[in-house]
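Me: I am new to this structure and would like to learn how to read it, feature by feature. Could you take me through it step by step?

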Amino acid sequence: MFTNVSSVATTMAALLFCLLVSAILPEPASCTTRHYTFNIVQKNVTRLCKTKSIITVNGKFPGPKLIAREGDQVLVKVVNNVTNNITLHWHGIRQLRSGWSDGPAYVTQCPIQTGQNYTYNFTITGQRGTLFWHAHISWLRSTLHGPIIILPRKNETYPFRKPYKEVPIIFGEWWNADPEAVISQALQTGGGPNVSDAYTINGRPGPSYNCSSKDTFKLKVKPGKTYLLRLINAAMNDELFFSIANHTLTIVEADAVYVKPFSTSVVVITPGQTTNVLLKTKSRHPNATFIMAAQPYSTGQGTFDNSTVTAFLEYEGKNPSNKNAIFTPTLPQFNATSFVANFTKKFRSLNNPKYTIANVPQKVDKQFFFTVGLGTAPCNQNSTCAGPNGTKFAAAVNNVSFALPATALLQAYFSKNSNGIYTTDFPTNPQNPFNYTGTPPNNTLVSNGTRLVSLPFNTSVELVLQDTSILGAESHPLHLHGFNFFIVGEGFGNYDPTNDPLNFNLVDPVERNTVGVPSGGWVAIRFLTDNPGVWFMHCHFDVHTSWGLRMAWIVHDGPLPSQQLPPPPFDLPKC
């Protein structure tokens with residue numbers, strides 16, 4: 001019998017953490033170890049009158065909820081019963097000193113191969129709210145995803161009145177074809193991938209799609225109650241507008257961080273983002289059904305699924321008149337960039353010491369300026385590709401299209417064996433500056449490589465992400481693994497390093513793990529490198545990630561044992 005020394009150490013550390021918290025808090029803290037088993041299996045599912053076999057967790061689509069409290073240790077045994085290689089990512093979980101459980105394939109681990117299993121082991125520290133888990137290899141997350149619900153510690157409350165009921169609302173995309181074949185064909189031809197056939201709400205397309213009127217999600221509510229809706233955008237390639245007819249939503253949390261509440265009739269949510277909203281129902285039965293709808297926000301030049309997914313909000317109880325009107329929400333135009341900008345600027349950290357403090361880095365140790373956008377790559381010799389002017393579509397950060405290695409970066413880093421696997425010379429600024437949002441340069445070819453940024457522990461970082469107009473300005477939802485960051489500024493046009501910082505919010509900026517870089521604009525974020533390991537950063541449009549809009553940060557160990565990455569667990573998959 002083998003002993004998992006790393007897992008035992010992690011479990012003991014979690015126990016000591018709970019004891020320490022119990023000693024500090026006025027009320028006894030209760031930390032629990034929660035065990036889950038995720039069996040990766042094929043399942044026949046019918047949507048849009050077509051039945052196909054999809055990859056699921058435990059035969060469920062969307063996948064099962066992972067429920068825990070702040071401070072809990074979570075162990076998820078993933079057993080791969082399908083022919084595809086698998087990894088799972090716990091999107092937004094900080095993974096403090098547990099980078100081996102983060103999940104992106106060839107970054108923190110090799111994939112779990114057929115017939116193999118791996119136990120993800122992490123502790124939820126300083127987070128409460130809604131996140132989600134999803135596959136992090138190729139396009140498998142189209143069907144492999146589900147909610148992470150983090151409840152406050154026992155004896156702790158929400159910063160708002162406890163809702164009557166809590167309901168996850170997961171937005172997704174559905175392809176009649178196999179999404180793996182869709183991206184494989186696109187990478188082979190160099191062209192854009194075929195768009196999805198429908199959007200879904202909790203796995204259901206709803207009546208606006210062919211053959212789907214009976215395949216509709218219905219939210220049953222009672223009059224005079226407050227519901228907490230946990231919104232999750234698990235769509236592959238689309239930011240979404242969401243609204244419920246004749247109802248106002250109050251936003252109270254984003255990416256598992258409480259925000260100053262504000263009301264809106266329309267929510268904007270990028271892939272990778274989560275948003276908790278309060279829905280207060282009408283005081284009396286309204287004799288009506290209200291449509292919940294989501295449709296895309298799209299700014300790129302390529303084709304996209306310009307359809308609308310709908311669900312029903314229905315009031316329970318007796319209908320006094322037996323008449324039932326149907327109300328439909330009004331959503332912005334698909335390219336309503338000014339609406340999106342006004343919406344995102346409303347987010348502010350709650351910044352209440354009882355719940356969450358905005359510890360914004362006030363001084364900056366390292367500054368980075370990254371361009372993010374599309375480009376091209378040359379076609380194979382003596383052939384013509386389906387991208388611009390016979391090339392292949394590509395995407396890049398600072399014109400570097402990131403190539404994933406054949407082994408995991410974290411293993412190479414930990415074993416001090418980077419030779420031939422990666423370099424640490426990722427450019428801190430664009431190598432060839434240009435008018436980023438003006439007329440694009442004639443040469444749109446990107447470079448290719450596995451280049452990383454290497455940083456000491458506890459470095460305060462300021463990163464400006466600048467969209468470019470190469471092959472069209474476009475919004476990019478950038479996700480950083482292993483950290484939350486503060487969004488201190490954003491704007492349109494080219495970032496001005498002299499004047500724009502004068503308007504940065506260093507008091508109560510929103511804290512997130514995924515940010516939409518404005519189309520034709522920029523966003524500035526700050527974070528502290530307090531988590532040793534190798535951490536992926538990428539566009540959460542999977543097509544852009546596949547084209548290379550991704551990079552990684554190395555954060556070195558700190559001087560104390562509590563600031564160091566432990567050795568890998570014994571069951572870490574091998575390449």
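**Reading strands, burial and contacts**

Reply: Let us begin with one pair of residues in this predicted model, where Val 79 stands opposite Asn 117 in β6.

Me: Which strand pairs with β6, and in what sense?

Reply: The partner is strand β4, which covers residues 73-80, and the two strands pair in the antiparallel sense over seven bridges. As a general idea to keep in mind, in a regular strand the side chains alternate between the two faces of the sheet.

Me: Is strand β6 largely enclosed or open?

Reply: Strand β6 runs over residues 117-123, and five of its seven residues are buried, so the strand is largely enclosed by the rest of the structure.

Me: Is Ser 383 buried, partly exposed or exposed?

Reply: Ser 383 lies in the loop between β21 (366-377) and β22 (392-397), and because its relative accessibility is 37%, it counts as partly exposed. From C-alpha to C-alpha, Ser 383 is 10.0 Å from Thr 189 in space, although the two are 194 residues apart in sequence.

Me: What share of the contacts in the whole protein join residues at least 24 apart?

Reply: Among contacts between residues at least 6 apart in sequence, 80% join residues at least 24 apart. Buried residues make up 59% of the 575 residues.

Me: How many helices and strands does the protein have, and why is it called as compact as a globular protein of that length?

Reply: The protein has five helices and 33 strands. Its radius of gyration is 23 Å, close to the 25 Å that the globule rule gives for 575 residues, so the protein is as compact as a globular protein of that length. Along its principal axes, the C-alpha trace spans about 75 × 65 × 55 Å.

Definitions and conventions: Residues are numbered from 1 along each chain as its sequence is written. This is a predicted model: local features need pLDDT of at least 70, side-chain atom pairs count only at pLDDT 80 or more; totals for chains, interfaces and linings use all residues. Side-chain values use heavy atoms; hydrogens and water are left out. Helices (H or I, at least four residues) and strands (E, at least two) are DSSP runs, numbered from the N terminus. The radius of gyration is taken over C-alpha atoms; the globule rule is 2.2 Å times the number of residues to the power 0.38. Buried means under 20% relative accessible area, exposed over 50%, partly exposed in between (1.4 Å probe, protein chains only). Contact means heavy atoms within 4.5 Å. Two strands pair if DSSP finds at least two bridges between them.
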